[in-house]
Amino acid sequence: MSEHSAESSPLGKSSAYVSVYTPSLLFPIPRLPKWQELGLDATALPFHGADIWNCYELSWLTPSGKPEVAAVEFVFPIKAARIVESKSFKLYLNSFNQTVFRDRHEVQQTLETDLSVAAQGPVMVRLLSMQQLHQGGMLPLAGDCIDDLDVAVDCYQYDPSLLALSLPRVEVSEQLCSHLLKSNCPVTGQPDWGSLQISYRGPQLDRAGLLRYLVSFRQHADFHEQCVERIFMDLRGLLGEGAELTVYARYVRRGGLDINPYRSTRAGMPQNLRLARQ
């Protein structure tokens, strides 16, 4: 599992689907190049956070040959040096399909070990039964939705200059959300659809400008984690370093996996709520 660029990954290429446990399928990508692009110091990041992945297509065999299924929550810490490319993650999870494990605990331990090695950081794994998944239900994003604002939009390429503060300037504490986030995979060009929640305390954002800014990601090519970090840094630059800020994206799943990056000036973890689109 050496460090390669995303272009060397299985993305956009024909792949054989292996159904016997093969951890070497995991393809890690270092975070550092994108952090450097954003002017971030890896030893002094301006945010806390994690990347929460949810899997709905995990299965394996018991010693008796009977299949088991589970949903899985994966939490990748922001301090992990690498992310895992999503298609390789799916191929890896598919390799459990015809593999015998003693019990659910062995499955969990195997996932934690392999993913922690790939990410170069401790990945937490939680297996959910179908009953637990059902009981979790669905929840909405908190905050005022800005999607119904009557604004004209003509920019679909990333443009941070669209952001502005409200005038006259006033200090607020508020939560805003939008379901109009869309970006593209930087390798395949496939669309990534998501919902975004922004919580902040500081000078009030101009909501129309914020909506135009989020729409400007529509043709932007970056991975989910990188889009959220870019949004966080742009907002932080506008609000000022003393402002409290949290940016939380919930992306629509593809291939049985959804990715939900969370970046915040506050330490802690968000609720892994499941939206209707997820």
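Which residue lies over the face of Tyr-56, and at what distance from the ring centre?

**View 1. Arg-253 and the ring of Tyr-56 in the predicted model.** In this model, which is predicted, Arg-253 lies over the face of Tyr-56, and the distance to the ring centre is 3.8 Å.

**View 2. Arg-230 and the ring of Tyr-158.** Here the charged end of Arg-230 sits over the ring of Tyr-158, at 5.1 Å from the centre of that ring.

**View 3. The aromatic pair Phe-47 and Phe-232.** The count of aromatic pairs in the model comes to 13. For Phe-47 and Phe-232 the ring centres are 5.3 Å apart and the planes stand at 80°, so this pair is edge-to-face, the cut-off for that class being over 60 degrees. The two residues are 185 residues apart and the pair links distant parts of the chain, with Phe-47 in the loop between α1 (32-37) and β2 (48-61) and Phe-232 in helix α6 (residues 224-239). Phe-47 has a relative accessibility of 3% and therefore counts as buried, and Phe-232, at 0% relative accessibility, counts as buried.

**View 4. The aromatic pair Tyr-92 and Phe-96.** The rings of Tyr-92 and Phe-96 have centres 5.3 Å apart and planes at 85°, so they form an edge-to-face pair. Tyr-92 is buried, its relative accessible area being 0%, and Phe-96 is buried with a relative accessible area of 0%.

**View 5. The aromatic cluster around this pair.** Tyr-92 and Phe-96 belong to one aromatic cluster, which Tyr-21 and Phe-101 complete.

Definitions and conventions
Residues numbered from 1 in each chain as written. Predicted model: local features only at pLDDT ≥ 70, side-chain atom pairs only at ≥ 80, totals over all residues. Heavy atoms only, no water. Phe/Tyr/Trp six-rings, centres within 6.5 Å; stacked < 30°, edge-to-face > 60°. Helix = DSSP H or I, 4+ residues; strand = E, 2+ residues; numbered from the N terminus. Buried < 20%, exposed > 50% of the residue type's maximum accessible area, 1.4 Å probe, protein only. Lys NZ or Arg CZ within 6 Å of the ring centre and 35° of its normal.
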